[in-house]
There are 4 protein chains.
Amino acid sequence: MPRPDRSEERRDQILEAAIQAFAEKGLHEASMDDIASRAGLSKPALYLYFRNKDAIIGSLLRFFFEREMRGVRKLLEAPGSPRARLDAMNEQFAAVMDHMQLAMPLLLEFYGVATRQASVRQSLVAIYQDFHDMLVNLLAQGVAAGEFCAMDTSQVAFTLTALYEGITLMWVMAPHMVDWRRQMQAAQALILAGLQPALDAAN
Amino acid sequence: MPRPDRSEERRDQILEAAIQAFAEKGLHEASMDDIASRAGLSKPALYLYFRNKDAIIGSLLRFFFEREMRGVRKLLEAPGSPRARLDAMNEQFAAVMDHMQLAMPLLLEFYGVATRQASVRQSLVAIYQDFHDMLVNLLAQGVAAGEFCAMDTSQVAFTLTALYEGITLMWVMAPHMVDWRRQMQAAQALILAGLQPALDAAN
Amino acid sequence: MPRPDRSEERRDQILEAAIQAFAEKGLHEASMDDIASRAGLSKPALYLYFRNKDAIIGSLLRFFFEREMRGVRKLLEAPGSPRARLDAMNEQFAAVMDHMQLAMPLLLEFYGVATRQASVRQSLVAIYQDFHDMLVNLLAQGVAAGEFCAMDTSQVAFTLTALYEGITLMWVMAPHMVDWRRQMQAAQALILAGLQPALDAAN
Amino acid sequence: MPRPDRSEERRDQILEAAIQAFAEKGLHEASMDDIASRAGLSKPALYLYFRNKDAIIGSLLRFFFEREMRGVRKLLEAPGSPRARLDAMNEQFAAVMDHMQLAMPLLLEFYGVATRQASVRQSLVAIYQDFHDMLVNLLAQGVAAGEFCAMDTSQVAFTLTALYEGITLMWVMAPHMVDWRRQMQAAQALILAGLQPALDAAN
DNA sequence: AATGAATGAGATTTCATTCAT
DNA sequence: GATGAATGAAATCTCATTCAT
């Protein structure tokens, strides 16, 4: 009688432990021992599920990024007016941020990894691209529906993406001074103010 | 005959080498040996000028941050209309980015350091604050001069700051796809479009 | 099937090797490598059982001192007349000295450590105190039994303790010239000669 | 005009500094830098006067030991009865101890060095021998003068020497608990009590 | 005579990784 | 599948010692 494959389960257990260890001590400072003890496993056990430390980091990267991409995709398919969906998106990301505050330093270290590993960098760029494309789509719908004036949708999408990144970065550095939700809403309002549908003068 | 003091010179030489080594290999992966060989010195010589590796990183951090703050301060005192000065600022930062492309991964790692060291984090936050304050000042002048409509200057300043950070981050990840100068100009134009003085025509 | 715990065994193995290495080369000159090779282990293996080199030295110190204290305690409980027990004590220590000749330089270095580390110094002083107390006890019994005349037992005990230390020190420096056993017996006889019970003839 | 030779002066200056540094930090822990800075000289200057660190330690050893031997010699030639001269000797050594308390840890480390270097060991043994011979002489005079009963002068001299060493050792370890002067006097009295001239029962 | 500057050699310690069970 | 035990490799740092001036 074959036992159920606990492989997947164990991998998740390890990744969870790795997130904790990395977030707490840093990507380099956290040792395999740190991860093993948090996972309640022995050190060699880690090597049964991951080839080495880099493999753990890689898996974690994919885990983070894929989740982000899933989030983006969902929004793309959500119902509602473009404006409402932008608001919903902010809301959703704000919620994620709240939950992820502790892991944020880790995310930042992932950016550091990305600068050195082309493959990682490309994953990240792919996310930007996806997000950008979705925004373009959303904005175009808004223009078509007369919610926004004519615009260079790609350009505006890029700006919004950069705002997401920038506000997040600042929030990570000074969580007590930056209210992610409020700042993002305000920033978006500022952008959209310049994109009122005609009757007014357009750019 | 007292020999000239080469101390400062050597320190710079080492910091220069450290920038190279760190940018190339990463903050943790670059060893003291890597730095020493790039500086054309022996390893122990490094310890004549810096107490330890952290001291080198610390000096480098201060070096980067202080330069950034100097840049910001200069802009505050520059002549010209607010709009023109915003443009000049973009231009200046764009030029800096061009020169710093190789060191950007290092800068990103510094952000990682910042998330773990309160003192570093505070230096960084101080820069944000300075930049923000300067922008508030600039925007207020623009409002007073009738160049912009009434606004929450602090809010707009924050948004512009976040844009700087966000665009830079994206540019670091995909330098070939992101044209810092153009994107920043466009993003700023977008913001300012919503801040036209009332009842006037567009720019 | 749980493997037997070899932990204690390994620790002893390392301490044994450390004694050899330290005795041979000196406390500072003997490196972790020296200890490891004598123990037939790799250097990192040492760190599985001792936090660092100081921990090894500390364990060794305790090992030496505790053994000495055990020796002292046993004597306290031994049977026989006070005089006979003093002789027995000399005999026992003489035997120990014979076996420990090689480790004596190490012991001397421990004294050096003791001068710089209060905790070590206190352990050593505690041994002196124990030894002294035991001798006081013994002498008091002798006085009570009429074997010795009245005396300042504490003072005499101190003198005997100092003799033990002094003779040992001289023997370490010149083992070929100093016969520990004979010198100690003679010295003790000299002291006891002045402590004849009143009005009695000599021994 | 030849300047006066400052060589000797400089050497003493360095040795003085070395005593301080060694006493404070320990023979191994004190670095050439420590010595140089205490001597108010540069590090290379030390090498103008001493071939290396060991040479400094060697000089210091000789310095200490020779002074001790000079002290011993003086006593030999002093006037007075044997008993009185023994008392005077104690007094003198007690005074030395008072002044040397800080350097005592250093002396102990010298013993450690002695265990590893035959030449040093021999110097030390020579001192023991000198001291012993002087005591033999003194005791013989006392016997001749009827101050002491007949005895094995060599044996008694050895015991007294060991007492000096032992009491000093214990005093170094517990200076607050051991009063060198008092203990040495008492111990000597104890010995001499057994060496009363005849009329009483001899040993 | 004197020293600022430099370095070769080596010490301790850590860690990712593997073996034997 | 799991792990206690072990290690090769490398990193940081220190120090006695020496040049070049």
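**Exercise 1.** What rotation and what shift along its axis superpose chain A on chain B?

*Solution.* The model is predicted. Two copies of a chain are related by a rotation about an axis and a shift along it. Here the rotation is 179° and the shift is 0.0 Å, with an RMSD of 0.3 Å. The two copies are therefore related as by a two-fold rotation axis.

**Exercise 2.** Describe the contact between the chains, beginning with residue counts.

*Solution.* Chain A gives 38 residues to the contact, and chain B gives 38 residues. On the side of chain A that touches chain B, at least two residues each come from α6 (104-116), α7 (118-144), α8 (153-173) and α9 (180-193). The largest share is that of α8(A), with 14 residues. By class, this side of chain A holds 24 nonpolar, 10 polar and 4 charged residues. Of the interface residues of chain A, 97% are also interface residues in chain B, so the copies meet through the same surface.

**Exercise 3.** At what angle do α8(A) and α9(A) pack, and how far apart are their axes?

*Solution.* The angle is about 155°, and the axes lie 10 Å apart. Angles over 145 degrees count as roughly antiparallel, so α8(A) is roughly antiparallel to α9(A). The crossing of α8(A) past α9(A) is right-handed. From α8(A), the contact uses V156(A), T159(A), L160(A), L163(A), I167(A) and W171(A). From α9(A), W180(A), Q183(A), M184(A), A187(A) and I191(A) take part. Sorted by class, the residues of this helix contact are 9 nonpolar, 2 polar and no charged.

How values were computed
Residues are numbered from 1 along each chain as its sequence is written. Chains are lettered from A and ligands numbered from 1 in the order in which they are written. This is a predicted model: local features need pLDDT of at least 70, side-chain atom pairs count only at pLDDT 80 or more; totals for chains, interfaces and linings use all residues. Copies are superposed by least squares on the C-alpha atoms of residues with pLDDT of at least 70 in both. Two residues are in contact if their C-beta atoms, placed from the backbone, lie within 7 Å. Helices (H or I, at least four residues) and strands (E, at least two) are DSSP runs, numbered from the N terminus. Ala, Val, Leu, Ile, Met, Phe, Trp, Tyr, Cys and Pro count as nonpolar, Asp, Glu, Lys and Arg as charged, and the others, Gly among them, as polar. Axes are lines fitted to C-alpha atoms, for helices over the stretch in contact, and angles run from 0 to 180 degrees between N-to-C directions. Angles under 35 degrees count as roughly parallel, over 145 as roughly antiparallel, 65 to 115 as roughly perpendicular and the rest as oblique. A crossing is left-handed if the near helix is turned anticlockwise from the far one by less than a right angle, and right-handed if clockwise.
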